[in-house]
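Here is a short note to read alongside the model. Please keep the viewer open and look up each residue as you reach its point.

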Amino acid sequence: MGKIFAEVSEKDVTLAIVGAFVREFEKFVESDVIIVGGGPAGLMAGKELAAKGKKALIVERNNYLGGGFWIGGYLMNKITVRHPGEKVLEELGIPFEQASEGLFVADGPHACAKLIAAACDAGVKILNMTVFEDVVLRENNRVGGAVVNWTPVEALPRQITCVDPIALEATMVVDATGHDASVVRKMEERGVLKTKGFGGMWVERSEDLVVEYTGEVHPGLVVCGMATATTFGLPRMGPTFGAMLLSGKRVAEEVLKKL
Amino acid sequence: MMLFPCLRPSQEVIREAVRIVTSWTGEVIREQECLYQTTPSATEDLAGLRVINPDNPDLNANPFPVEIAFERRTREDCQCGKGAVYAGVHLAALLGKGLFERGVLWGDRPLFITRDYIATFDRDDLRWHLRYAVFSFPVIISLPGIIEGPARPREYYLLRGQGIPDEMMPDSLKDRYLIANDSRLPRVLAGILLQAFFYYQSGDPFCADPLCSLYNAHWQEELLRSQRDEPYIVCPGHRQALEKEERWLKG
C-alpha cells in the first residue's frame, strides 16, 4: 500500500514556512493601515478595508484571533447583539436567532470563526503572537506606523532579552486593543494625548456611544471598539457585541476618508 | 410651566404625564421645542459636561474634536439619549443661560425633559449618581434616569452578578422596577412633574412621606410605591397646600 502523503524533508517544510512568511511580511512592512488588536472590532475593520482593496495588517498579541468574541457573558459561548447588529451577522453569514425584541443571539465559536474567515477572505494579513510596543511618529507627532515584537519576548526576563523590536509603517493606525487602548495609552505616555479612562458607571445604552465616538483621536491614529470606551471614558456596558461590529465598520469608513 | 421636551420617541409618555399633572393641579403646561435645539451654542460646551469617572468630580476637560462633533451631530439631528452622562447641575446652568437670553424667567417655571442621563456628585460617598431629575433653572428630568437612576431591588443585582440577563429575570422581580416602555412611566413622570411644580412654588420638591408623589425615591420600589394614586396622590399636608391655592381639581 502506497504512502498517503507526499514525501518532503524537514528542510522543505522549514523553507516553505520561512519563505511564505517572509514574502508576505515584506509586502506588509508598509501598509495602508495597521490594525492593532484582532478582536471583533479589529477584524471587522480589517475586513471592510481589505474588501475596498486597502492593504490592511492586523497585529495580534495572542496566538488566536477574535478576542472575547468566542464567548458571551459568564464564559457561556453564546454571543448577543442588539439591533441593528444582526444585520452584520447576516452579512457575514452567521446563523442567529431572536432572543427578544431587538436582541439576537448567535453561537460564539461559529460567529467568531466566520468573522475571522471573512477578514482573511477579504485579504487582511495577520501577524499573530506579535505585540505592539510603540508608535512610529512623524513630523508634528503624526502616527506613521507601529513598533512590534514577538509576544514571547515580553515574557522573558529583561536581562536576558536584548531583542530589539522592528517598525512597520502605515498611513493610518487603528487602536482596536479593547479596554487596554494600548496605542492610545502609548501616546499618553509620550505626552501627546490623554485618555479619559474607563468609566465605571453602568449604562446599557453606552453601546451607541462606542460607535458614535469611533474616529480619529490624533493625526494618523483612530480608535474603535472598547478602546473607544477607554479613550473617551465611556460608561461600562453589558456583554453584547453589536457595538464592536458596528464600530469596526465605522472606523473603516473613517480610515477610508484619510487614505 | 414651560415644558421643553424631547418628544422623540417619548411623545406619548410625556403628553400623558402632562395630562395627568394638569388634571391634578390645573397647571397649564405650555409645550415648547427641545431646549438643545434652541441653545445651539451649548453643543460645544456639552462635551465638557460629560461625567467621565464616577469616582472623580472632574468633568471632561479638553474634549477631543470627535467628542464635540458628536455633541453637534446629536443635537442637530435630535439624537440625544445615546448613553452619555452629563453633570446635571452644570447642564442646568448652561441651559439656564440660554433661557435667560430668550427672556425665559424663573416665573415661567421651565422644565426640560431629556433622553440623556444626568448625574450629581454626592459629597458623602464622593461618587456621581444617576438622577431622574435635577431641580434648578430649568428643572431637568431625565427619562432614562427614571428607569436607571433609582436602584433596582438587591435581588436584581445578585442575579445580574450571576450572569442572568434582564430578559430572564423572574416576573415577580420585574414588577418591582421600571423598564423601557413600561406602562407605569406616564404616572411616574407625572409625579416627578408635580415635584417640579412644588419646587417652583416653594423651593422644595420633596416630601418625607414615602407614600406621597413628592417622595425623593432612591430605590425603584420606593419610586413605584410613592407614584401611585392609592392611598393618596400627595400626602394630606401637600394636598392642603394645593387646596389653599384651589389647585386640587381631582377628587
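1. A word on naming before we start: helices (H or I, at least four residues) and strands (E, at least two) are DSSP runs, numbered from the N terminus. Keep in mind that this is a predicted model.

2. Let us begin with Asn62(B). You will find Asn62(B) in chain B, in the loop between α3 (42-46) and α4 (65-76). Its phi is near 50 degrees, a positive value although the residue is not a glycine. Is Asn62(B) buried or exposed? Asn62(B) counts as exposed because it has 10 C-beta neighbours inside 10 Å, and the cut-off for exposed is 12 or fewer.

3. Asn141(A) sits in the loop between β7 (130-137) and β8 (143-150). Its phi is positive too, about 60 degrees, and it is not a glycine. With 17 C-beta neighbours inside 10 Å, Asn141(A) is classed as partly exposed.

4. Why point these out? Most residues other than glycine have a negative phi, and most peptide bonds are trans. The next two points turn to the peptide bonds.

5. In chain A, look at the bond joining His83(A) and Pro84(A): this peptide bond is cis, with omega about 10 degrees. Pro84(A) belongs to the loop between β3 (78-82) and α3 (85-92) of chain A.

6. In chain B, Glu230(B) and Pro231(B) are joined by a cis peptide bond, and omega is about 0 degrees. Where is Pro231(B)? Pro231(B) lies in the loop between α10 (220-226) and α11 (236-244) of chain B.

Definitions and conventions
Residues are numbered from 1 along each chain as its sequence is written. Chains are lettered from A and ligands numbered from 1 in the order in which they are written. This is a predicted model: local features need pLDDT of at least 70, side-chain atom pairs count only at pLDDT 80 or more; totals for chains, interfaces and linings use all residues. A residue is buried if 20 or more other C-beta atoms lie within 10 Å of its own, exposed if 12 or fewer, and partly exposed in between; C-beta atoms are placed from the backbone.
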